Every structure is written in C-alpha cells, then in structure tokens.
Amino acid sequence: SSGINAEWPLRPGAVLLVRTKHCTNMLNPTLKAQLGLNEDQIREFKDAFDIFDEDASGTVSTGELASVMRTLGQDIDEKEVGIMISEVDSDGSGEIDFAEFCTLMSRQMEKADPEFEYKKAFKIFDKRGDGFIDNAELKHVMTNIGEDMSDHEILAMIKEADLDGDGMLNYDEFLNIMLAK
C-alpha cells in the first residue's frame with residue numbers, strides 16, 4: 001500500500017490531464033474560435049453527445065441528436081434535425097461526429113439569441129472587425145444601401161449615439177440605435 005501512497009500525488013494531475021485533453025482535443029482550436037464556444041460549453045456539448053453515443057463510435061444518429069437537443073433545451077423535431085445534419089454531414093452517413101455536433105449546436109444557440117440579427121448587422125458595418133464602427137465604415141454602408149449622406153450627417157449620426165465619446169460606435173451604442181427605431 002505504500003507504493004500506492006507514493007504515487008498518489010501524481011494520480012489526480014494525471015486524471016485531470018486526461019479529462020482536459022479529452023474535452024479540448026475533441027474540437028480543434030480553429031473551429032472552437034470560429035464557433036465562439038468556451039470550454040464550459042464544449043464540455044456541456046461533449047457530455048450530452050457522449051450520453052447518446054452509446055456505442056462510443058464517435059457519431060450520433062438523427063434520432064439520437066433530436067433527443068440530445070431536446071435535453072439541452074432546444075425545441076426541435078427529427079425532421080428539422082435531419083435537415084440540419086445534412087448541412088454538416090460531409091460523408092452523407094446520416095450521422096455526425098462531435099465537431100459537426102458543436103457546429104450545429106452553435107448555430108442553434110445563435111438562432112435562439114434575440115440579438116442575433118443585430119449582431120449580424122453590426123458585423124456588416126464593422127468592416128475591420130475591431131468591434132467599432134467609425135465614420136468611414138458607417139458612410140461606406142450607408143452609401144451601399146443608397147443613402148447618400150454627407151460627412152457632416154455621418155458625424156452627427158455617430159455623435160448622437162456615441163455614449164462614451166470616443167467618436168466611434170461599439171456594439172452597445174449600435175444596439176441602442178437599432179432598438180430606438
């Protein structure tokens with residue numbers, strides 16, 4: 001028994017390493033970033049996925065996926081799940097792996113977000129992707145939608161909504177404009 005005690009300090013770390021490796025390696029960092037998922041969400045998805053992957057094959061069928069999604073609070077039927085699976089099922093097997101599952105769940109979460117359309121619109125305005133809309137970006141979009149506005153009018157629009165006075169619109173300031181209409 002003294003041998004077991006001598007190894008004990010190593011065992012919890014080893015177990016943690018295995019768990020962490022198991023969860024994070026299931027989803028490559030690029031896809032994780034594209035989907036905007038955090039570790040807790042990935043773990044939650046993995047736990048749900050594993051429950052229904054009874055044969056540990058690494059894939060889940062349409063029927064199983066419908067159950068998983070209902071377990072995670074999604075209101076969905078098998079026909080809808082079949083359509084969703086076909087969008088990401090690259091080999092046409094009718095089953096999806098964990099990465100495809102995360103892609104689907106991420107899309108479902110976006111659709112359930114009441115601000116989803118506003119976030120999409122903000123990204124269209126935010127050409128540089130820096131989290132702000134400046135005069136040039138606002139003018140560019142307004143011109144593209146047929147609104148020929150002077151620089152003065154663009155500045156006035158930004159000034160009206162620019163709560164922190166930095167001369168640009170962040171997402172919250174943009175949202176205030178959208179919700180005011």
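Visitor: What makes the backbone oxygen of Leu-35 and a polar atom of the side chain of Ser-106 a polar contact?
Guide: They lie 3.2 Å apart. A polar contact is a pair of N or O atoms within 3.5 Å, where one must be able to donate a hydrogen and the other to accept it, and residues adjacent in sequence count only if both atoms are side-chain atoms; therefore the pair at 3.2 Å qualifies. This is a predicted model, in which local features need pLDDT of at least 70, side-chain atom pairs count only at pLDDT 80 or more, and totals for chains, interfaces and linings use all residues. Residues are numbered from 1 along each chain as its sequence is written, and side-chain values use heavy atoms, with hydrogens and water left out.

Visitor: Why is Ser-106 called buried?
Guide: Its relative accessibility is 5%. Buried means under 20% relative accessible area, exposed over 50%, partly exposed in between (1.4 Å probe, protein chains only), so Ser-106 counts as buried.

Visitor: Which residues does Ser-106 contact, leaving aside neighbours within four places in sequence?
Guide: Leu-35, Leu-37 and Phe-45. Contact means heavy atoms within 4.5 Å.

Visitor: How do you know whether Thr-103 is buried or exposed?
Guide: Its relative accessible area is 14%, so Thr-103 is buried. Not counting residues up to four places away in sequence, Thr-103 touches Leu-31, Leu-35 and Val-88.

Visitor: Where does Thr-103 lie?
Guide: In helix H7, residues 98-112. Ser-106 is also placed in H7. Helices (H or I, at least four residues) are DSSP runs, numbered from the N terminus.

Technical notes: Helices (H or I, at least four residues) and strands (E, at least two) are DSSP runs, numbered from the N terminus.
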